[in-house]
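Here is a short report on one protein model. Look over the sequence and the fold, then read on.

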Amino acid sequence: MQETIKEELYNFCKTVTDIRITRIQENIKGYQNALHSETKSSAGDKHETGRAMIQLEIEKAGAQLAEAEIVYKALKTVNINTSTDAIGLGNLVKTSMANYFIATSAGEFKSDKISVYCISPITPIGKLLFGKKVNDVVLFNDKQIEILEIL
């Protein structure tokens with residue numbers, strides 16, 4: 001059975017999020033290995049500074065991981081089988097400027113059939129589009145964007 005475009009978009013967002021989580025987890029493991037392999041040298045202050053820097057990187061990566069996991073959980077709540085008049089989560093929105101999939105920020109999806117920006121509803125353009133209907137017009141970066149179709 002052939003996937004619908006919305007299924008393809010959802011799977012694209014999921015793959016991007018999975019890759020992001022895996023990359024962050026690998027970074028954390030690398031930092032932890034570096035922290036464990038840091039050996040005591042004759043310059044004690046240099047050693048402690050090195051360990052502190054690695055620990056900061058682990059903490060930053062941990063925060064990134066927590067954020068990516070929140071995005072993943074939010075993505076799981078997206079229903080691509082919605083049929084609604086107003087733009088919401090899981091909708092593919094065709095506009096006079098570009099096409100948008102309202103789910104999570106995952107970049108641009110390109111296929112032979114269509115090019116779509118996967119965006120979160122909390123992005124500036126996502127906030128403008130959310131709740132709008134076909135033929136509504138929004139102003140973004142001094143450009144008028146007409147909503148042509150909601151799938």
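Is Cys118 buried or exposed? The model is predicted, and in it Cys118 counts as buried, at 3% relative accessibility. The cut-off for buried is under 20% relative accessible area.

**Cysteines**

Cys13 is buried too, with a relative accessible area of 0%. How far is the sulfur of Cys13 from the closest cysteine sulfur? The distance is 3.7 Å, and the partner is Cys118. A disulfide needs the two sulfur atoms within 2.5 Å. The gap of 3.7 Å is therefore too far for a bond. The count of disulfides comes to zero.

**Aromatic pairs**

How many aromatic pairs does the model hold? The count is two. A pair of aromatic rings is described by the distance of the centres and the angle of the planes.

The rings of Phe12 and Phe109 make an edge-to-face pair, because their planes stand at 70 degrees and the class takes angles over 60. Their centres are 5.5 Å apart. This pair links distant parts of the chain: Phe12 sits in helix α1 and Phe109 in strand β3 (residues 107-110). The two are 97 residues apart. Phe12 is partly exposed, at 23% relative accessibility. Phe109 is buried, at 9%.

Tyr100 and Tyr117 form a tilted pair. Their rings lie 6.1 Å centre to centre, with 35 degrees between the planes. Here too the pair links distant parts of the chain, with Tyr100 in strand β2 (residues 99-102) and Tyr117 in strand β4 (residues 115-119), 17 residues apart. Tyr100 is buried, at 5% relative accessibility. Tyr117 is partly exposed, at 36%.

The two pairs are set out below.

| Pair | Centre to centre | Angle of planes | Class |
|---|---|---|---|
| Phe12 and Phe109 | 5.5 Å | 70 degrees | edge-to-face |
| Tyr100 and Tyr117 | 6.1 Å | 35 degrees | tilted |

**The largest pocket**

The largest pocket holds about 310 Å³ of space. Its lining has 18 residues. Which of them lie nearest the centre? They are Arg20, Glu67, Val71, Thr104 and Ser105. Two elements give two or more residues to the lining: α1 (5-37) and α2 (44-76). Helix α2 gives the most, with seven residues. By type, the lining divides into eleven nonpolar, four polar and three charged residues.

Key. Residues numbered from 1 in each chain as written. Predicted model: local features only at pLDDT ≥ 70, side-chain atom pairs only at ≥ 80, totals over all residues. Heavy atoms only, no water. 1 Å grid on protein atoms, 1.4 Å probe; cavity = no way out; pocket = protein on both sides within 12 Å on 5 of 7 lines; lining within 4 Å. Points joined across faces, edges and corners; volume = space filled by probe spheres on them. Helix = DSSP H or I, 4+ residues; strand = E, 2+ residues; numbered from the N terminus. Nonpolar A, V, L, I, M, F, W, Y, C, P; charged D, E, K, R; others polar. Buried < 20%, exposed > 50% of the residue type's maximum accessible area, 1.4 Å probe, protein only. Phe/Tyr/Trp six-rings, centres within 6.5 Å; stacked < 30°, edge-to-face > 60°.
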